[in-house]
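Subject: Structure for your review

Dear colleague,

Please find the structure below, together with its sequence. I would be grateful if you would read the notes that follow with the structure open beside them.

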Amino acid sequence: MSFIRREWTSADADDWHKEDWLAIIFSTISYITLVIGTALSFLTITIGFVVLAIGIVSAGIMMWIIDPKLKKISNEYEKKQKDYLRQLEDIQRWEVEK
Amino acid sequence: MITFQFLDWLWIVLFVALMIFFGIYFYRMGKRSQSDFFLAGRGLPWWLPASSVYATHTATDTPIWVAGVVYKYGFAGLWYAFFSAWCAISAFVSTRIFRRSLAYSQAEWQSLRFGGLGAELLRGWLAGWQVFMNMFILGWVGIAMGKLCQMIFGWELWMGLFIFTTLGAIYVLSSGYWGVVMADFQQGVIALLIIVIVSIWGVVAAGGPDEIIAKLGSYNSSVEWEVPNEWKDQQAMIRVSDVETGKPIAINSESFAIASSISKDAQSKLESRATTLIKSKETHAGEILFPTNVNKLQAGEKYTIVWASDDSYNRVNIDASVDSGISWSRVASHHFNGQSWRLNFFSFTGMFEGQFPVAWFVTMMIIALIGGFGMGTSIDWYPEAQRIQSAKTVRDASYSIWAGSALVLIRNSIWAAAIIGFFVLYPGIAKSGEYEMAWYRIGFEFLPVGLVGFLFAGILAIHLSTVSTHLNLGALYATRDFYHHYVNPKASEAMLVKVGRIATFVLLLGSFVFGVIIGEEITAWLIFALWIMAAGVWLPNILQVIWWRFNSWGYLSAWIANLGLSWLIVWILPRFGVIPALPDYLQFWILIVLNAMIYLPVTFFSKPEDMDHLVAYYVMSRPIGFWGPVRKEAEKQGLIATT
């Protein structure tokens, strides 16, 4: 099995795994480097373009890691959403005991 | 005042017509149901809520705030605006959990996460808080627009507030969230375009990128100084000394006078003098260039102290004396020599010392990033929560929050580059009220005819996107969490849309009242609302997501305690001399600890939430963190697969 998991079962996708943590780390790196890289690039400072590139690549890696898991979660959840929405409206209208 | 030409007016008229068109076009979709009026039917692809996140958080006061911190702290000032980075983690944690709950609002989520009387109290409290906050936000962004219109057209302050907030209300009243999100998309595009154009113009006006860097390297050193009020009618001196050795580097050879008042004309000449001397190359190391014995300053006013840059020193302390140098009071500590430090994102002045200490930076990083595990850790969470629920899937919700906030951060950086250019042009401004208008000044002073009108259309876009969001969001809490849940649970969809419209109108009226009350004091209110009022509940906002044992009574007590403690620590105790005025990062940690001493005992001395209620929430939302007993129960009941 590869270090980054690309295939998910619906039960597994609902839990929290290292892929979630890796996405968070790359997401954070991306935000910090986008802030620094954009400002320095706007003043055409060379290191700014390098940092900006790191920000864009980090965002790409983040998506590559998390997208299969998010797709699986979404697909499975959409199947149950109708029932959940009905429950939500029942609570809103005081028709069930919460 | 600025004079508009035909082309300028044409841009503005076209833009206003487009906004009214959105209101009419989406009227039918908005009136279909409560879900349409407040969440656009939960069917939006990620890029629409993303553009709405970006457009909403680009308000008329945002460039004022960013310009203020970047002019004062250089690029390091961008970390002040880094609080949006909570979305780096939230996009994949709290966004995912919240989207799965399907709650219309954060108040509604409280009644899914907690149960019983505590949950209902929390829902009512958060709903009331959010109606108030949205009215308050509308007031402050409205009055920021009023200030701009005063600068541009010479109008009375209330006119800009009244005219342009009402314009936003037209399409929100008509089409609800559909109008908001569709208008936000095109407003976001216009706003980004004009931000890039004005910022490029600013950089070019300052001589271009290379020239800006070269000038910062050659300029003399400077620091802001507010002359103490009690120093009027005295003679004063300035001393600059090396931090490492304590040895004086520069000192006034003769003292200068401080008067109780000087004319406006003399005041403006002093500012020009400081600007000229910062730029001057005809100086020698060891010289205080401003103020000197030929200058007379006014007590209680802000000035820029200027001294000749000297490469042999890195950081300096600046002191002032009114007793011929017998005793000195500190103006600034660990301040950087020269001006090149403004290009450094990590120009720390020490661990705890100076204007940019490591302790502040670490606090900001923790608040911004770790806050993403919670819900409501940032004031921006509440509009984001609405956008999360309007996305068509969990995946769309995650990407919309991530991309919208990435755009916000990128926008700040583009602004910052232009503000550095503005500093190179006008380095001697000491009054924050003046340099905070830097980005607007670049636009109105340097853009050619025709583009000035486009800039104003961009400002309108910035303003309307924020106003429309908060009108609709405040109405959501009033309708869904008050009227529907507590007043009329059996209300029809048509009735709920009607109540949504009435609530929007009431929010509009309330915002005028708040705008007039806030008046000119925007920044002080903003810092209090964004930073301190949220400090004590920052950790409880995370705990409610990640810890099963945290209950409604603990959370409710944290809110109540924070309201009292934040006023005490920030204003009341320092005012009466009980504690010294503390730096903001220290206030944050003190409030965290004091609040924990209240809500943790309350949590442990009250019962946990009902296990069946927690299991239902867990199965639906699958939260992260410490949920072991709840998970085990869910597995036992066969509701989720056993691990």
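The notes below cover the contact between the chains, the salt bridges and the cysteines.

Please bear in mind that this is a predicted model.

The contact between the chains

Chain A contributes 47 residues to the contact, and chain B contributes 72 residues. In general, the size of an interface is often given as the accessible area lost when the parts come together. Here, the area buried between chain A and chain B is about 5,100 Å², and carbon and sulfur atoms give 67% of that area.

Between chain A and chain B, 23 residue pairs are in polar contact. On the side of chain A that touches chain B, the elements giving two or more residues are H1, helix H2 (18–42) and H3 of chain A. H3(A) supplies the largest share of that side, with 19 residues. Sorted by class, the side of chain A that touches chain B holds 28 nonpolar, eight polar and eleven charged residues.

Salt bridges between the chains

Side chains of opposite charge can pair when their charged atoms come close. Eight salt bridges are found across the interface of chain A and chain B. One of the salt bridges joins B:Arg96 and A:Asp20, with the closest N and O atoms 2.8 Å apart.

A salt bridge also links A:Asp14 with B:Arg622, where the closest N and O atoms are 3.7 Å apart. A:Asp14 belongs to helix H1 (residues 10–14) of chain A, while B:Arg622 sits in the loop between helix H23 (611–621) and helix H24 (628–636) of chain B, so this pair joins two chains. Both A:Asp14 and B:Arg622 are buried.

Salt bridges within a helix

Over all chains, the count of salt bridges comes to 25. A:Lys79 and A:Glu76 form one of them, at 3.2 Å between the closest N and O atoms. Both residues lie in helix H3 (residues 46–92) of chain A, three residues apart, or about one turn of the helix. A:Lys79 is exposed, with a relative accessible area of 60%, whereas A:Glu76 is buried, at 17%.

In chain B, the side chains of B:Lys636 and B:Glu633 meet in a salt bridge at 3.6 Å, N to O. These two residues lie in helix H24 of chain B, three residues apart. B:Lys636 is exposed, at 67% relative accessibility.

A network of salt bridges links A:Glu89, A:Arg93, B:Glu108, B:Arg123, B:Arg480, B:Asp481 and B:Glu493.

Cysteines

The structure holds zero disulfides over all chains. B:Cys87 is buried, at 0% relative accessibility, and B:Cys149 is buried, also at 0%.

Yours sincerely

Technical notes
Residues are numbered from 1 along each chain as its sequence is written. Chains are lettered from A and ligands numbered from 1 in the order in which they are written. This is a predicted model: local features need pLDDT of at least 70, side-chain atom pairs count only at pLDDT 80 or more; totals for chains, interfaces and linings use all residues. Side-chain values use heavy atoms; hydrogens and water are left out. A salt bridge is a side-chain nitrogen of Lys or Arg within 4 Å of a carboxyl oxygen of Asp or Glu. Helices (H or I, at least four residues) and strands (E, at least two) are DSSP runs, numbered from the N terminus. Buried means under 20% relative accessible area, exposed over 50%, partly exposed in between (1.4 Å probe, protein chains only). A disulfide is a pair of cysteine sulfur atoms within 2.5 Å. Contact means heavy atoms within 4.5 Å. Buried area is the accessible area (1.4 Å probe) that two parts lose on being put together, summed over both. A polar contact is a pair of N or O atoms within 3.5 Å; within protein, one must be able to donate a hydrogen and the other to accept it, and residues adjacent in sequence count only if both atoms are side-chain atoms. Ala, Val, Leu, Ile, Met, Phe, Trp, Tyr, Cys and Pro count as nonpolar, Asp, Glu, Lys and Arg as charged, and the others, Gly among them, as polar.
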